[in-house]
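Please look over the protein shown here.

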Amino acid sequence: MSQKVQIFDTTLRDGEQVPGCQLKTEEKVVIAKELEALGVDVIEAGFPISSPGDFLSVVEISKAVKHTTVCGLTRAKKDDIDVAAEALLHAKHGRIHTGIGSSDVHIKHKFKSTREQVLEQGVWAVTYAKQKNYEVEFYAEDAGRADLEFLARMIEAVIAAGADVVNIPDTTGYCLPHLYGKRIQYLFEHVSNIHKAVVSVHCHNDLGMATANTISGLINGARQAEVTVNGIGERAGNTSLEEVAMTLQTHKDLGLYTDIKSERIYDISQMVSEMMRMPVQPNKAIVGRNAFAHSSGIHQDGFLKHAENYEIINPADVGVPSSSIVLTARSGRAALKHRLELLGHKAEGQELNNLYEHFLLVADEKKMVDDNDLQALVASHLVLVK
Ligand code: KIV
Ligand code: ZN
C-alpha cells in the first residue's frame with residue numbers, strides 16, 4: 001500500500017529569507033490560503049521572535065487557514081518558544097519548530113559549545129515547547145555534516161523528550177543523494193525510539209542536489225519533506241515543492257504519495273514568483289517557461305507523433321495550459337506544418353517545402369519565429385504564387 005508523505009511548506013519562512021523577497025503580512029496570507037488549497041500539510045509561516053512583522057504574519061496566517069497545521073520557527077531558547085507559542089494561539093493545529101546545531105562545525109564555531117551542551121539544550125527546548133500544547137518538531141541544524149553517532153544520540157534524546165517530528169536538515173546542501181539516504185537509514189537502524197516520531201527531510205540546493213537528496217531521504221523512510229514553491233530559499237534555495245510532488249506522482253513505483261493537487265502547481269508558482277519579484281528560471285523543472293516547450297526538429301517531430309515521446313508529465317496535470325512548439329532555425333517541417341495549422345493554414349507537399357525554405361531564411365534572421373512572422377510568411381508566399 002502506498003504511504004503518505006507530508007508536505008511541509010517553508011516558502012514563507014526559509015523562502016522569504018531570500019534578499020528582496022520579503023512580503024507584507026497580507027501577501028503572506030494570500031499565499032498561505034493558496035498553499036492550503038494546494039494541499040500542503042504544514043505551513044511554516046515565519047520566525048515569530050525575529051521581527052514584529054513575522055510575529056504578525058504567524059498570527060494572521062493562523063487565523064486565516066482552516067485545517068492546515070501552522071508552524072513557527074524558534075531557536076532552542078525560552079523567549080523564542082514563548083513568542084512562537086503566543087503567535088500560534090489562533091491556529092487550529094499549531095506546531096513549534098525548535099532546534100539547534102548538530103555538526104561539530106556549528107557546535108564549535110557558531111555556539112562555541114560542546115556536543116553534550118547542545119544536546120542538553122535541544123532536549124530542554126523540546127521539553128519546554130511540549131508544555132505549550134502544540135506539536136513539536138525538532139531540527140538538528142547542519143545534520144548533513146554531523147557526526148552520525150552523535151546525531152543518532154541527539155535524535156533519540158529529543159524523541160524521548162517528546163518531539164513529534166525530527167527534522168534532519170542538510171542545511172548547507174553538502175550531501176550526495178546516496179549518502180544523505182544512508183544517514184536517514186542509519187537513524188532508523190540506530191535510534192531505538194525512531195518510530196515514535198515522523199522523520200523529516202529539509203535539503204538545501206548548494207550543489208543542485210536538494211530534490212535528489214529529499215527523494216533519497218524519503219526512499220529511506222522519511223515521511224515529511226520540507227519544500228518551497230519554485231525552490232526559493234537561502235543561497236541556492238531549498239528543495240522545490242513541485243519537483244518532489246511530481247517525482248512521487250511520476251514514480252508511483254516508489255509507493256509514496258502526497259496530497260498535493262498538482263493541477264494547482266503552475267498558478268501558485270506564478271503567484272509566488274510575482275509577489276516575491278523572483279523570476280522562475282526558464283529551464284526550471286515543472287514550472288519553467290521551457291519545461292513543456294519543444295524546439296529542435298527531431299524532438300518536435302517525435303512530440304507531434306506522440307507526446308509521450310518527449311514528455312513524462314502531461315502539462316495539464318500541473319496546470320500548464322499546453323505544451324508549445326517553438327519555431328527556430330532548428331525546427332523541422334513537421335513543426336512548421338503544425339504551427340501553420342494552428343493558424344488555420346493547411347500546407348502539404350511542395351507548398352510546405354516552399355514555405356519551409358522561406359521560413360528558414362526568416363528563422364536565421366530572428367531567434368524565434370512567432371505567429372505574426374508566420375502570417376507574413378504565408379501572405380508573401382501567396383503573393384509569390386499568384
Ligand atoms: O536549513 C536549516 O537547517 C533550517 C532549519 C532552521 C530548519 O532552515
Ligand atoms: Zn533551511
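What follows is a short report on a predicted model.

## Two domains

The protein splits into domain 1, residues 6-275, and domain 2, residues 293-381. Contact between them involves six residues of domain 1 and seven residues of domain 2.

## The interface between the domains

The size of an interface is often given as the accessible area lost when the parts come together. Between domain 1 and domain 2, about 530 Å² is buried. Carbon and sulfur atoms give 66% of that area. What does the polar side of the count look like? Three residue pairs are in polar contact between domain 1 and domain 2, both residues at pLDDT 80 or more. Salt bridges between the two domains number zero.

Two helices stand out on the domain 1 side. α9 (241-250) and α10 (265-275) each supply at least two residues of the side that touches domain 2. By class, that side of domain 1 has three nonpolar residues, two polar residues and one charged residue.

## Salt bridges around Arg13

The structure as a whole holds 28 salt bridges. Arg13 takes part in a salt bridge with Asp14, at 3.6 Å from N to O. Arg13 and Asp14 are both buried.

Arg13 also pairs with Glu44, and here the closest N and O atoms are 2.9 Å apart. Glu44 is buried, as is Arg13.

## Other charged pairs

Which residue does Glu16 meet in a salt bridge? The partner of Glu16 is Lys28, with 3.6 Å from N to O. Glu16 lies in the loop between β2 and α1, and Lys28 lies in helix α1, so the pair joins parts 12 residues apart in sequence. Both Glu16 and Lys28 are buried.

Elsewhere, salt bridges form a network. Its members are Lys337, Glu341, Lys346 and Glu348.

## Trp124

Trp124 is part of helix α5 (residues 115-130). Is Trp124 buried, exposed or partly exposed? Its relative accessible area is 36%, so Trp124 counts as partly exposed. The limits are under 20% for buried and over 50% for exposed.

Beyond residues up to four places away in sequence, Trp124 touches Ala76, Lys77, Lys78 and Ile81. Ala64 is 60 residues from Trp124 along the chain, and 31 Å separate the C-alpha atoms of the two.

## Thr214

Thr214 has its place in helix α8 (residues 210-219). Thr214 has a relative accessible area of 0%, so this residue is buried. Where does the side chain of Thr214 reach? It comes to 2.9 Å from the backbone oxygen of Ala210.

Leaving aside residues up to four places away in sequence, Thr214 touches Val201, Cys203, Ala225, Thr239 and Val244.

Terms used
Residues numbered from 1 in each chain as written. Chains lettered and ligands numbered in written order. Predicted model: local features only at pLDDT ≥ 70, side-chain atom pairs only at ≥ 80, totals over all residues. Heavy atoms only, no water. Domains from an automatic or database assignment. Contact = heavy atoms within 4.5 Å. Buried area = accessible area lost by both parts, 1.4 Å probe. Salt bridge = Lys/Arg side-chain N within 4 Å of Asp/Glu carboxyl O. Polar contact = N/O pair within 3.5 Å; in protein donor to acceptor, adjacent residues only side chain to side chain. Helix = DSSP H or I, 4+ residues; strand = E, 2+ residues; numbered from the N terminus. Nonpolar A, V, L, I, M, F, W, Y, C, P; charged D, E, K, R; others polar. Buried < 20%, exposed > 50% of the residue type's maximum accessible area, 1.4 Å probe, protein only.
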